Amino acid sequence: MPSIKKLLVANRGEIALRVMRTAREMGIKTVAVYSEADRQALHVRYADESVCIGPAASSESYLRGDKIIEVCKRLGVDAIHPGYGFLSENAKFSQMVKDAGLIFIGPSAESINVMGDKLSAKRTVAKYNIPMVPGTPDAVTDRAEAKVIASQIGYPVLIKASAGGGGKGMRIVENEEEFDEQMERAVSEAISSFGDGAVFVEKYVASPRHVEIQVLGDQYGNIIHLFERECSVQRRHQKVVEEAPSSCLTPEIREAMGKCAVDVARSCGYYGAGTVEFIVDDKLNFYFLEMNTRLQVEHPVSEMITGVDLVRQMIYIAEGKELQINQEDLKIHGHAMEVRVYAEDPTNNFLPDVGTLQTYVRPQGNGVRVDDGFEQGMAIPIYYDPMIAKLITYAATRQESIDKMVRAIDEYDITGVQTTLGFCRFVMLHEAFTSGNFDTHFVKHYYTPEVLKKEVDEDEAKIAAALVGYLMEQAKKPTNRNTTEAVPVKSNWKANRANWR
């Protein structure tokens, strides 16, 4: 298979930039596609070439595989990297790319198809004796049948869309009286989100932790894992904080989960980068959930603790190269944290808060990484996911990584929109998180908007008091234009920065 000379990234924002940067390091030319809403976006300006493919709505732009392939043919593109979201797990698009004589930097259409349906995935991995949560072997749409199955499994149960993801079409049912209503809601949401009302019913695991394993496979059957990521701090079943490695796994469980993840990938002939997701109960029993056949949002933490550039490896694999990394070569070095910075208001049920970034100053320093796609003065479009950036820290130990994250969050200066930074800081400082004794119910158990509002009000009061104190001190001093005097530091650095502005 020939080397890739020109690569189109069929995505936007931070992930498009992240892929393009590695491509540039490899001497590969890049092509950006963009919607009318993203005309001034950073990924558009960073690429060697860029083409507008449609209006703001993703259904008329980023999801138009036919337009993207037309651009490839017109500009002499060799390969397409889909990033995550949009067309990244679309088997039809993967096949379209191959049929057009282009390289799809990702798995085969067959692997995407198999793992894209949770029930199909479970049947496929069954021959490898992968541990799975008790539940229905097949999708169900009949409410009465599903209710009988739920009674047999035992409450509480989880109703989950077969074709779904991202927490959509998912309902926890505590008892039989709730079942009909929650089943109806799950099916309705599944149809609305995925066009498929099929669901499955499984035992709901109490105090669950969400732990996933990063895998890499080449086209010759060589598959390795790059250890785990802990993704249990979530809101609306969607991740907000991730870390690697997990604070709860023993070396023995880590090895067992890694082997299972490799077997899951092997079961469908997987190649490229993928993630096998598990649920872990309070006794550290783990169960297979699903496989995401793409690069994950949280992949940077795996890169930090292993030193492996996952995008570079994806490109090598797509070019037909064998993996040059063996499992024995990989060791966990240090600890990495990631928080997702969303344009959302955590004091108002995490509702999106789009607007213009009036101030946008990134944190810096040793062990701090910011993956983003915005600059000061840019607007957060209403049409797409409201994630502004991913803030990643790396240090020798978990506590040092947490401390570095708190410092980086404090230095991250964003005004013009509400963000999740305050919530992420709350998580970092909470005893349940610092002790490692938490699960996917962290938000429900520990967080209320009032807690964050109080912290924000206290911070603002301190800054205001510091500024007033500084101005009063200045007013007392005699005016002497011929004297140069250093400004005394009588307040914290946040107040100073506000004064400089």
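Strands β6 and β8 run antiparallel and are joined by five bridges, where strands count as paired if DSSP finds at least two bridges between them. Helices (H or I, at least four residues) and strands (E, at least two) are DSSP runs, numbered from the N terminus. The model described here is predicted, so local features need pLDDT of at least 70 and side-chain atom pairs count only at pLDDT 80 or more, while totals for chains, interfaces and linings use all residues. Residues are numbered from 1 along each chain as its sequence is written, and side-chain values use heavy atoms, with hydrogens and water left out.

Within this strand pair, I159 stands opposite V201 in β8. Four of the five residues of β8 are buried, that is, under 20% relative accessible area, as against exposed at over 50% and partly exposed in between (1.4 Å probe, protein chains only). Both β6 (157-161) and β8 (199-203), along with α8 (176-194), are among the elements that cover the buried residues of α7; contact here means heavy atoms within 4.5 Å.

Helix α7 itself spans residues 143-153, and its buried residues are A146, I149 and A150. Seen down the helix axis, these residues fall within an arc of 105°, so they line one face of α7; the arc is that of the directions from the axis to the C-beta atoms. A144 and Q152 are exposed on the other side of α7. Just after the helix, G154 takes a positive phi of about 100°. The loop between α7 and β6 holds P156, and the peptide bond from Y155 to P156 is cis, with omega near 0°.

F86 has a positive phi of about 45° and is found between β4 (79-81) and α4 (91-99). S207, with phi near 45°, lies between β8 and β9 (209-217).
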